[in-house]
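Hello,

Here is the structure I promised to pass on. Please open it alongside this note; what I found follows below.

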Amino acid sequence: MSGQKPVKPSPDGLAASVKAAKTRGLPPVHLWNPPFCGDLDIRIAKDGSWTYLGTPINRFELVKLFSSILKKEEGKYFLVTPVEKVGITVEDAPFVAVDFDATGEEEAQNLTFTTHVGDTAMAGPDHPIRLSDGTPYVLIRANLEARIDRKSFYRLVEIGTHHGDWFGVWSGGQFFPLIASDKLEG
């Protein structure tokens with residue numbers, strides 16, 4: 001017997017644990033490997049909204065707190081603290097990229113995306129942009145992606161360029177193909 005009391009997962013318990021362990025910036029969830037405590041009926045919808053037991057979580061601060069302890073392992077999503085790990089459901093991607101800033105041009109261009117919870121990431125080798133079945137995504141942090149919203153994707157297309165046989169965007173010294181150039185003609 002480990003001497004630890006069994007933990008019954010709850011959103012309040014998770015929030016309290018994170019607040020107790022909170023440091024500046026994001027918590028080091030990559031270092032935390034607590035025992036799995038079960039699943040919580042927390043769902044992140046495709047539009048980035050969060051629900052608990054079917055009820056919307058409308059407090060932005062709570063959503064931001066929970067998003068800071070989100071972890072993806074072997075295709076499954078978890079909220080983790082130093083003492084517990086609970087499974088949650090994510091319909092598409094856990095984040096939505098709702099805007100981006102573009103600086104520079106062509107190969108010197110940098111695209112910095114902002115998510116609905118305030119995270120930012122500059123697209124490049126460590127934060128690639130990809131398309132899956134026509135839906136664009138950008139890697140935000142440690143195996144967690146943001147679906148790029150429609151208005152931002154249209155803006156990407158507006159600043160896109162042809163490179164080789166592809167139409168796409170540059171950021172962080174890397175070209176991200178969006179569609180084959182010959183598909184744009186005709």
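R147 counts as buried because its relative accessibility is 14%, under the 20% cut-off. Keep in mind that this is a predicted model. R147 sits in strand β12, which covers residues 144–148.

What lies 2.5 Å from a polar atom of the R147 side chain? The backbone oxygen of K46 does. K46 is also on the contact list of R147, which leaves aside neighbours within four places in sequence. D47 is on that list too.

Six strands form an open sheet with mixed pairing. The order is β3-β2-β1-β6-β5-β4. β3 (55–56) and β4 (70–73) are at the edges. Each has a single partner strand, so one side of each lacks a neighbour in the sheet.

The partner of β4 is worth a look. β4 pairs with β5 (residues 76–80) in the antiparallel sense, over four bridges. Within this pair, K72 stands opposite Y77 of β5.

Last, the chain as a whole. It has four helices and 15 strands. Of its 186 residues, 42% are buried. Among contacts with a separation of 6 or more, 54% are between residues 24 or more positions apart. The accessible surface is about 10600 Å². Carbon and sulfur atoms account for 51% of that surface.

Best wishes

Terms used: Residues numbered from 1 in each chain as written. Predicted model: local features only at pLDDT ≥ 70, side-chain atom pairs only at ≥ 80, totals over all residues. Heavy atoms only, no water. Helix = DSSP H or I, 4+ residues; strand = E, 2+ residues; numbered from the N terminus. Buried < 20%, exposed > 50% of the residue type's maximum accessible area, 1.4 Å probe, protein only. Contact = heavy atoms within 4.5 Å. Areas by Shrake-Rupley, 256 points an atom, 1.4 Å probe, with all protein chains shown as cover. Polar contact = N/O pair within 3.5 Å; in protein donor to acceptor, adjacent residues only side chain to side chain. Pairing = 2+ DSSP bridges.
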